[in-house]
Amino acid sequence: MEEIQALFHGFAVVLQPFNLVLMVIGIVLGVIIGVLPGLGGANGVAILLPLTFSMPPTSAIIMLSCIYWGALFGGAITSILFNIPGEPWSVATTFDGHPMAQKGQAGEALTGAFTSSFVGALVAVVLITFLAPLVARFALRFGPPEFFAVQFLTFCSFIGMGRGSPFKTMASMMLGFAMAAVGLDTVTGTLRMTFGWSELLRGFDFLIAVIGLFGIGEILLTMEEGLAFKGMSAKLNLKVVLQTWRQLPAYWLTSLRASTIGCWMGITPGGATPASFMSYGIAKRFSKNGDKFGTGELEGVIAPETAAHAAGTSALLPMLTLGIPGSPTAAVLLGGLLIWGLQPGPLLFIEQKEFVWGLIASMYLGNIVGLIIVLTCVPFFAAILRVPFSIIAPIILVICAVGAYTVHNAMLDIWLMVLFGVIGYVFKKLDYPLPPMVLALVLGDMAESSFRQSMLSSQGSLSIFWSNPLVATIFGLGLILLFWPLISWIMQLAKRRAVVSSGS
Amino acid sequence: MVNLRAKYIFAGAAFAAAATLAPTAFAQWQPTKPVTFVIPAGTGGGADQMARMIQGIAAKYNLTSQPIVVVNKAGGAGAEGFLDVKQSNGDPHKIIITLSNLFTTPLATGVPFNWKDMTPVAMLALDQFVLWVNAETPYKTPKDYLDAVKAGGPNKFKMGGTGSKQEDQIITVAIEKLTGAKFTYIPYKGGGDVAVQLVGKHVDSTVNNPIEAVAQWRAGSLRPLCVLDSKRMPYKEKMTSDMSWNDIPTCKETGFDVEYLMLRGIFMSPGVQQQHVDYYVGVFKKVMETPEWKDFMEKGAFNTTFMTGKEYSDWVANAEKAHLELMKEAGFLAKTN
């Protein structure tokens, strides 16, 4: 129970008025950063990092980590309202969140997203509080083959997603892989598919593709369908929060699965974005209402949001205990630790007790404060949908363009965004699914380099993927998910046969 | 050369006098808009940390009349950042921090830029490289380890490093050339990942910078074998129960003479005037006087060589030659070159 004592000491640190003020500032800034597409949590934290120089390290990390929590919350808002993911980990939230808003359930979707974010974070923080050293050791067992197995599992859990033709899904995914391959290849250190054009050096950024495909594509569609938002009838009072809360306990199994996936992906470190995709895919596969996913199911909002927040939170654990960041934002915070004169790593928990437990306590408080702030704003956010399309659409376009520019400070990215917008529109018209392309774009690069690293270390032998129980288990899970339709069909057949034989 | 030395002695011996003279010297030119500080690498890495450190120090002590804005342009192993500076001819409001990709990226990828396309400002420090193994292995000296690598046969031992055809792999090839050992080199995205892969025994050794591996060393998971420099690191504070940075022998002492230091230097746009360069040199000198900077240097066990002017550009020209040779031997040059 040493942890509890240390934790309460941490609360004492966080509850100092100065730290509380910083916490609220951090959350509000974070929500704004989360809402603006392109200006991700990592950028936001990096920009504010030098400002924290004159603060004590504990106050500084409280503020910066609260920006991170705020961004995790905020990412969901534009995904649900406008189909524009504010952050990469909110892409999966758009799949059901936006259809909900179109049905006039924006308030429910937002409440569900915020609350499940909170639940995910809470599970992850409890995990960090009591199991930090144990879990950190588990992360060490992840080498290239294990990473590839995790990425393989993500693809497999997602592959049956498209309702339409499997060939269209394949085409969309392959296009994503092709785009992910543009730019510098980390394994050979040479440029690929840039055709001597230096603007293409940086490759296609996932964020720009997403802003274009989802945001601009959606606006084009809305223009075609009559220049008005659907879902203007959204309820505008706080009662909707309570009503949604009453529905949530029914989805406890989904939440539990999503939290587990999220924590696991955050620690290993797979990151929040793949976690949200994997969680959505698995929820769809195992839910009773799986067929209705994509048409506005609350469960389809809960699954990715819980996982993203759990992963985002637990990503701080390997950063603190091992010095490896589980997410890009954690990487910037890691740099911050060094600048403040703290050495992240196994000794941090022993040498900097006040700092570590102050941070952990701030995770509890920061998420509670964040939840209260965003929930009270739900009616306000939902009211945005009542603004006439002709006023809000240009604003969204400007925000998207600014967001696309911010990612790399490059003009070309704005043109790419527009191009992706057209692609998104055409894809929707021709009924090609977008999610496989986005998933391939975000994971293709990582999966490719883990695969090639594995091949380097095994001298080209595929047996490395079943060389130890851990990697074999993850791979086995992936294969089961991949062939799940076949397996469930065989199981049904066997059952029917059993019934028939017992009947006769 | 003599002149420059005299200037240093003057600055060192009569610091008070220099400080009073400084404002008049810098009064000639001041930035008139925010200064863009380009980082040709991603957020969270070594160059990024140093640049943000400088930004923070400058803001805290009010060292610049205009704020410094840090921008990461990491695309194409940093080529994006260097091309950006190369193209902003005559703009005195843009500076860039370098790492070894100043040399390795154009050589390996054929992207057309060179340090001569920019104006050298100052060398801030040199980053060291240390040969690390997992602390649970029996290897106590580089000889033990390299003998084991040779005995194990080619490609049986894995060397982990950051990126491909960049400094870590160049060092690996240099070690191979000199000792006859043959590694399988596995490229990872960042130095922190590499250190953890070594702790998890997914690779057998690394050539991490001190700052990337220090936490794992202090926790007793990693063991340093030797530092790839001509002399030992000067820092004598104990990092583990019985060792300081200074206790790590040089690789030369232990029988294989490989040296490699990574430039942490500043360049600015081409075609600027001398007074612009002087202004930034002045700012960086003040940054280096601060306790925060000194502490940062010690934490990362940096080699704190400071150079400006011709001395600096000569150093860079030599380093470029050395890289060309090393990369040519290793077969890392782009086909277009």
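Reply: Let's begin with a word we'll need: two residues are in contact if their C-beta atoms, placed from the backbone, lie within 7 Å. Keep in mind that this is a predicted model.

With that in hand, look at where the two chains meet. Chain B gives 46 residues to the contact, and chain A gives 46 residues too. On the chain B side, the elements that each supply at least two residues include α4 (79-87), α5 (101-109), β7 (183-188), α8 (191-199) and α9 (210-218). The largest share, eight residues, comes from α3(B). Sorted by class, this side of chain B has 16 nonpolar, 18 polar and 12 charged residues.

Now for the sheet. It is an open one of five strands in chain B, in the order β7-β6-β8-β5-β9, and its pairing is mixed. As background, strands of a sheet pair through backbone hydrogen bonds, either parallel or antiparallel. In chain B, β7 and β9 (222-227) are at the edges with a single partner strand each, so one side of each has no neighbour in the sheet.

Zoom in on one pair. Strand β6 (residues 157-162) and strand β8 (residues 205-206) of chain B run in the parallel sense and are joined over two bridges.

Helix α8(B) touches β5 (130-134), β6, β7, β8 and β9 of chain B, and its direction makes about 155° with that of β6(B). Helix α9(B) touches β5 and β9 of chain B, and its direction makes about 140° with that of β9(B).

Follow the chain on from α8(B) and you come to a loop between α8 and β8 of chain B, where Lys201(B) lies. Its phi is positive, about 60°, although Lys201(B) is not a glycine. Lys201(B) has 14, so it falls in between and counts as partly exposed.

Finally, step back to the whole chain. Chain B has 12 helices and 11 strands, and 52% of its 337 residues count as buried. Its radius of gyration is 20 Å, which agrees with the value near 20 Å for a compact globule with 337 residues.

Terms used. Residues numbered from 1 in each chain as written. Chains lettered and ligands numbered in written order. Predicted model: local features only at pLDDT ≥ 70, side-chain atom pairs only at ≥ 80, totals over all residues. Helix = DSSP H or I, 4+ residues; strand = E, 2+ residues; numbered from the N terminus. Rg over C-alpha atoms; globule rule 2.2 N^0.38 Å. Buried ≥ 20, exposed ≤ 12 C-beta atoms within 10 Å, placed from the backbone. Nonpolar A, V, L, I, M, F, W, Y, C, P; charged D, E, K, R; others polar. Pairing = 2+ DSSP bridges. Axes fitted to C-alpha atoms, helices over the stretch in contact; angles between N-to-C directions.
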